[in-house]
Amino acid sequence: MKALKDILYKVSLTSTIGDMEVGVSDIVFDSRKVGSGSVFVAVAGTQVDGHSFISTALEKGAKAIVCEKLPESLQEGITYVQVLNSAKALGIMASNYYENPSEKLKLVAVTGTNGKTTTVTLLYQLFIEMGYKTGLLSTVENRINDQVVPATHTTPDALSIQVMLKRMVEEGCTHCFMEASSHAIVQERMAGLHLAGAVFTNITHDHLDYHGSFDEYIKAKKKLFDELPKDAFALVNADDKRGPVMLQNTKAQGLTFGLKYPGDFKAKILSNTIDGLELDINNRQIWFRLIGQFNAYNLLGVYATAVLLGEDEEEVLMQLSKVEGAQGRFDKISLYGITAIVDYAHTPDALENVLKTIQGVRTGGEQVLTVVGCGGNRDRTKRPVMAKIATQLSDKVILTSDNPRDEEPMAILREMEAGVNPVDMKRTLIIEDRREAIKTAVLMAKKGDIILIAGKGHETYQEIKGVKHPFDDRQVVREMLHLMNKN
Ligand SMILES: CC(=O)N[C@H]1[C@@H](OP(=O)(O)OP(=O)(O)OC[C@H]2O[C@@H](n3ccc(=O)[nH]c3=O)[C@H](O)[C@@H]2O)O[C@H](CO)[C@@H](O)[C@@H]1O[C@H](C)C(=O)N[C@@H](C)C(=O)N[C@H](CCC(=O)O)C(=O)O
Ligand SMILES: Nc1ncnc2c1ncn2[C@@H]1O[C@H](COP(=O)(O)OP(=O)(O)OP(=O)(O)O)[C@@H](O)[C@H]1O
Ligand SMILES: N[C@H](CCC[C@H](N)C(=O)O)C(=O)O
Ligand SMILES: [Mg+2]
């Protein structure tokens with residue numbers, strides 16, 4: 001039990017009705033989870049408005065209601081608190097309730113269209129290698145030091161973030177690295193967090209369905225930097241046109257990293273092969289296991305972050321050269337002379353980067369076969385663009401399903417097909433079933449060829465009409481490679 005008044009510390013209140021000293025047992029923002037003694041926070045969502053569940057919450061035993069609009073009839077004995085922004089209030093309340101765990105560790109948030117999971121995972125692995133107890137909140141998984149907590153979102157909801165941070169503090173973690181998705185920033189899932197720093201990787205085409213325009217998408221990312229405290233660092237990729245934009249209104253210490261523009265942290269690619277990258281970072285030459293120019297950016301961003309957190313430059317580079325990166329990001333499976341690469345490229349920019357990396361490291365006359373799809377119920381405008389990039393940068397392409405969700409798979413594929421040049425259609429197949437598509441790519445591949453399977457990376461399911469069917473690109477391609485080689 002905690003007094004409502006204490007939980008509301010630092011929340012902008014508009015009005016209050018009832019006893020502010022009332023003790024509440026927990027904070028809930030979903031009426032279905034309300035129990036006796038809860039405080040229910042009504043948040044307007046994208047599907048429904050949480051305010052319409054206030055009466056349900058009261059029936060289930062809520063003692064207090066936090067909302068933007070007061071209900072027409074008020075119930076006796078209940079405390080009503082009107083706030084300016086319920087979603088923001090939720091984050092601040094959750095932080096107060098769990099005793100502000102983000103102030104007890106060094107928390108760094110990473111935002112950007114691509115590279116967030118890679119960056120936070122590298123930071124997590126690096127800090128573990130350096131002997132720190134560390135936390136991770138990422139698309140692939142959350143970690144409380146060595147304990148894995150499955151991830152449901154790239155950035156969890158505000159309440160779950162605080163619960164996990166609290167557990168991290170209890171476990172003795174000194175650092176936590178988290179992804180801040182643009183959805184999360186706009187929906188105030190980051191409210192109430194004290195950040196030691198924030199990192200901007202890049203911004204390219206994605207999520208225009210949700211944000212409405214590219215400008216709004218940029219604004220969403222910038223909000224993270226606008227809200228940083230003075231004692232934090234704001235580290236941005238100087239080679240991205242929008243890097244400096246992120247720093248325009250921040251109170252934090254602005255810093256840049258880049259391969260092209262001179263910034264605070266610089267690197268040069270000395271060699272880039274299928275086995276790894278050799279970089280020159282601040283006049284030190286180091287080998288890394290990760291592949292591709294985009295990973296040079298990720299590695300440099302990680303190095304800069306670690307140095308800004310006070311770590312020794314030499315030690316950081318030595319440990320960073322050992323780490324492997326995130327699952328499902330340029331995952332190489334080489335069997336029977338064929339190389340399959342499973343990668344989470346689900347945006348035009350990521351797909352282009354991965355294919356250019358493959359083109360850059362190929363050694364001879366081998367073919368590149370790409371299997372790719374686009375998710376349903378998500379930004380439709382990236383579909384033709386991704387199909388076009390796939391056909392332009394591969395010898396053969398199989399367009400297939402990603403997670404169709406509630407859409408008709410063939411309708412998504414037709415939208416992808418519309419982006420392909422008619423002459424390139426001769427080298428393009430459309431196979432709706434992802435397993436069949438992977439099988440066909442394996443059948444078509446000759447020794448030495450490279451198969452890229454893009455879009456799903458680490459995912460272990462395929463979501464079709466509300467059902468998540470087990471599906472793992474890495475497992476399926478292995479199975480097919482073994483199968484084809486027995487015949
Ligand atoms: C579009 C979107 O982002 N939706 C997220 C959002 O839900 P919402 O605001 O749409 O919720 P809603 O269904 O309209 O409900 C509004 C409110 O009413 C409440 N409610 C609802 C029903 C009920 O019976 N009782 C009740 O109280 C809900 O708890 C909620 O508080 O807030 C929820 C809680 O935080 C999220 O679970 C939900 O994520 C959905 C499942 C989702 O798919 N989100 C994706 C798009 C997303 O967030 N992706 C990013 C990654 C993107 C990237 O960078 O690549 C991520 O961070 O994972
Ligand atoms: N710095 C980068 N710049 C461009 N592309 C990148 C970069 N890092 C990774 N990629 C590509 O983007 C894909 C996704 O990378 P990652 O999972 O790290 O991004 P993310 O930002 O976490 O994505 P999500 O928004 O889905 O959480 C990778 O599989 C790779 O193809
Ligand atoms: N974080 C991304 C994941 C997309 C992954 C892709 N496999 C899909 O399902 O569309 C999003 O929410 O848009
Ligand atoms: Mg991610």
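In this predicted model, the mean pLDDT of the protein is 96, and 100% of the residues reach a score of at least 70. When the confidence is followed along the elements of the protein, strand E12 (residues 175–179) has the highest mean pLDDT, at 99, whereas helix H16 (residues 473–486) has the lowest, at 91. For the complex as a whole, the predictor reports an ipTM of 0.96 together with a pTM of 0.95.

The shell around ligand 2 holds 24 residues, of which Asn-114, Gly-115, Lys-116, Thr-117 and Ala-350 come nearest. Two or more residues of this shell are given by each of helix H4 (116–129), helix H10 (293–308) and helix H12 (348–361), and the element that gives the most is H12, with 4 residues.

An unreviewed UniProt entry lists residues 27–98 under "domain: Mur ligase N-terminal catalytic". In the model, the chain over residues 27–98 is 25% helix and 21% strand, and the C-alpha atoms at the ends of this stretch are 11 Å apart.

Notes
Residues are numbered from 1 along each chain as its sequence is written. Chains are lettered from A and ligands numbered from 1 in the order in which they are written. This is a predicted model: local features need pLDDT of at least 70, side-chain atom pairs count only at pLDDT 80 or more; totals for chains, interfaces and linings use all residues. A residue is near a molecule or strand if its C-beta atom, placed from the backbone, lies within 6 Å of it. pLDDT is the predictor's confidence in each residue, from 0 to 100. UniProt positions are given in the numbering used here, feature names are shortened, and annotations may be inferred rather than shown by experiment.
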